[in-house]
Amino acid sequence: MKYLMCNLKSNKNLKEMLEYKKQLKDLNFSNCEFILFPSFVYLSLFYDAKFLLGSQNISKYKEGSHTGEVLASQLKSLKVSYTLINHTETHEKHKNIIKKIQNATLEKIKVVLCFGEKSENQDAIPLLKNDLKEIFNQLEKKEQLNIILAYEPSYAINNLNKVNPIKIENIVYQIKQFILETYSIQIQIVYGGSVNPINFLDLAKIDKIDGFLLGNSANNPKNIEKIIETI
């Protein structure tokens, strides 16, 4: 069963989110592992949801008084099962990424670790391998095993013309092999970057992909409905 992750980013006010929740209740998620990532302020609205809940980020602090931070233990109390870390819009430093992965693992929150090259012209494979190696090498085995990778090339986000299924398939395959050979882990990788009901038909044909991370297209429940019908 493939993942369908929906990142709502900073979209929607309270009235819009309540309507969104109402529309989601009519959808059938039985053929996918559906995970919703609303803004922090709306997490409690989905405490009783029939699907899984994720946070868009998590604090690098394990405990203590840190104004503006949301701790892993607080997220767990809201039935958060997943968290995004290192989304391309957050510009994380490796030392903070590592702390966040460790904190999430302690609370048994699954990590969706985003990675991807910034430019279409970059030699992606060695760059991505090195980037992931710098993170994985500083984690314990249980922390490595708690990770799902989300391949999100920055240039493809909000750019419908930059989705190349052949290139995506090659990168996902090579990264999976790299993680398997280096860390003896059969990692799962989802794809994010302007996924929508139109290009999804081509992306869904890529066997190596374990699911999808929707961004802006997730704001419309009708888009989600179209995708879950063909996932």
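This is a predicted model: local features need pLDDT of at least 70, side-chain atom pairs count only at pLDDT 80 or more; totals for chains, interfaces and linings use all residues.
Let's start with strand β8, residues 211–214. In a regular strand, side chains alternate between the two faces of the sheet. So what's on each side of β8? On one side you have Gly-211 and Leu-213, on the other Phe-212 and Leu-214, and they're all buried. Both faces are covered, in other words.

Who are the neighbours? Strand β1, residues 3–7, runs parallel to β8 and is joined to it by four bridges.

The structure has ten aromatic pairs. One of them is Phe-29 with Phe-34, which is stacked, with centres 4.1 Å apart and 20 degrees between the planes. Phe-29 counts as buried because its relative accessibility is 11%, under the 20% cut-off. Phe-34 is buried too, at 3%. Now look at Phe-115 and Tyr-151: their centres are 5.5 Å apart and the planes sit at 40 degrees, so we call that pair tilted. Phe-115 is in strand β5 and Tyr-151 in strand β6, 36 residues apart, so this pair links distant parts of the chain. Both of those residues are buried.

Back to the phenylalanines: ring pairs link Phe-29, Phe-34, Phe-46 and Phe-51 into a cluster. Lys-21 lies over the face of Phe-46, 6.0 Å from the ring centre. And over the ring of Tyr-47 you'll find the charged end of Lys-79, 4.5 Å from the centre.

Terms used: Residues are numbered from 1 along each chain as its sequence is written. Side-chain values use heavy atoms; hydrogens and water are left out. Buried means under 20% relative accessible area, exposed over 50%, partly exposed in between (1.4 Å probe, protein chains only). Helices (H or I, at least four residues) and strands (E, at least two) are DSSP runs, numbered from the N terminus. Two strands pair if DSSP finds at least two bridges between them. Rings of Phe, Tyr and Trp (its six-membered ring) pair if their centres lie within 6.5 Å; planes under 30 degrees apart count as stacked, over 60 as edge-to-face and the rest as tilted. A charge sits over a ring if NZ of Lys or CZ of Arg is within 6 Å of the ring centre and within 35 degrees of the ring normal.
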